[in-house]
Amino acid sequence: MSRTPSYQQDNDRMEFLLTLRRRGIADKAVLRAMDEVPRERFVDANFVESAYADQALPIDCGQTISQPYVVAYMTEQLGVQPHHRVLEIGTGSGYQTAVLSRLAREVVSIERYRTLADRARDRLKSLCYDNVDVVSGDGFVGVPGGAPYDRIIVTAAAERLPETLLDQLADNGGVMILPLGAQDGSQHLIKLTKLQTETRRENLIPVRFVPMLPGQAQEL
Ligand code: SAH
C-alpha cells in the first residue's frame, strides 16, 4: 500500500532527528530548533521528498542548502544563547538563518545573490521568524553597522580567514565558525574564540561548502 505524503513526512522527520542524535548532536535547544523549522519550506519544489534526508540539496543560483547534520553541528558548536546577536554570511535558502533565529535574540544574514536574499526574506517572513534581517551584499565586508556580534557563522568556504569579519566579532568570548580551504581541495570547519589577549583557533570536522566569492553577484 502506498503511504500518504504526510505519513511519509512524519516518518522522515522522526528519522531526521534520530540521525542527528545518533551522529552526536546532544544540545536539546539545537535539536528542538531543528525539529521546529520546516525544512521542506526551504528546499526547491523538485526536492521536497528529500527535504529530511541527511544531504545537501541544490537551490537557486547554483547554490546549495547545507546538509542537516552540518547545520546542527555548526549551530551546536556556535553555542548560541538567547541574548545573542548573530551574523550569518551566506543566507542561501534561509534554512540555517531560521534555525539560528530559534536560539538567538537576533540574526543578521547577508547573501551576495539578490534573488536568494529576497526569496529567503519572504520565506522567513511567511513563517513569522521576525527576529531576522536578511541583507543583500558582500559577506567579505560583513554588516559593520550592526557590529559587534556575539556569534558569526560563515556558510561558504573562504580560502583565507576574512579579517574584516573577525573585527566585527565581540571581544572577550565572541565565537566565529567558518569553513576554510580551497574549493577543489580539502576544507575544514574552524572555530575561533576571541579571548582577552588572543584568538583561540580549533580545527573541527572536514566539510564541503560552495565557495565564498567576493562582491555582490551580477545577475541577469
Ligand atoms: N546557509 C545556507 C547555505 C547556503 S550556501 C542555507 O542554509 O541554505 C552558501 C551561500 O553563500 C550561497 O547562497 C552563496 O551565494 C553565498 N555566498 C558566497 N559568497 C558570499 C559572499 N561573499 N557574501 C555573501 N554571501 C555569499
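This is a predicted model: local features need pLDDT of at least 70, side-chain atom pairs count only at pLDDT 80 or more; totals for chains, interfaces and linings use all residues.
Visitor: What about side chains, say Ser-93 and Asp-138?
Guide: An N or O atom in the side chain of Ser-93 is 2.7 Å from an oxygen atom of the ligand, while Asp-138 places a polar side-chain atom 3.0 Å from a nitrogen atom of the ligand. Both residues belong to the group that comes nearest among the 26 residues around the ligand, a group that also includes Glu-111, Gly-139 and Leu-213.

Visitor: How does that shell divide by residue type?
Guide: The shell consists of 11 nonpolar, 11 polar and four charged residues, and at least two shell residues come from each of strand S2 (64–65), helix H4 (95–101) and strand S4 (106–111).

Visitor: Switching to aromatics, how many pairs are there?
Guide: The count comes to three aromatic pairs. One of them joins Phe-42 and Tyr-95 in an edge-to-face arrangement, with 5.6 Å from centre to centre and 70° between the planes.

Visitor: Why does that pair tie separate parts together?
Guide: Phe-42 lies in the loop between helix H2 (28–36) and strand S1 (57–58), whereas Tyr-95 belongs to helix H4, so the pair links parts that are 53 residues apart in sequence.

Visitor: Okay, backbone now: where is the cis peptide bond?
Guide: The cis bond joins Ala-147 and Pro-148, with omega at about 0°, and Pro-148 is found in the loop between strand S5 (132–136) and strand S6 (151–154).

Visitor: And which residue has a positive phi although it is not a glycine?
Guide: That is Cys-128, with a phi of about 65°, placed in the loop between helix H5 (114–126) and S5. For context, most residues other than glycine have a negative phi, and most peptide bonds are trans.

Definitions and conventions:
Residues are numbered from 1 along each chain as its sequence is written. Side-chain values use heavy atoms; hydrogens and water are left out. A residue is near a molecule or strand if one of its heavy atoms lies within 4 Å of it. A polar contact is a pair of N or O atoms within 3.5 Å; within protein, one must be able to donate a hydrogen and the other to accept it, and residues adjacent in sequence count only if both atoms are side-chain atoms. Helices (H or I, at least four residues) and strands (E, at least two) are DSSP runs, numbered from the N terminus. Ala, Val, Leu, Ile, Met, Phe, Trp, Tyr, Cys and Pro count as nonpolar, Asp, Glu, Lys and Arg as charged, and the others, Gly among them, as polar. Rings of Phe, Tyr and Trp (its six-membered ring) pair if their centres lie within 6.5 Å; planes under 30 degrees apart count as stacked, over 60 as edge-to-face and the rest as tilted.
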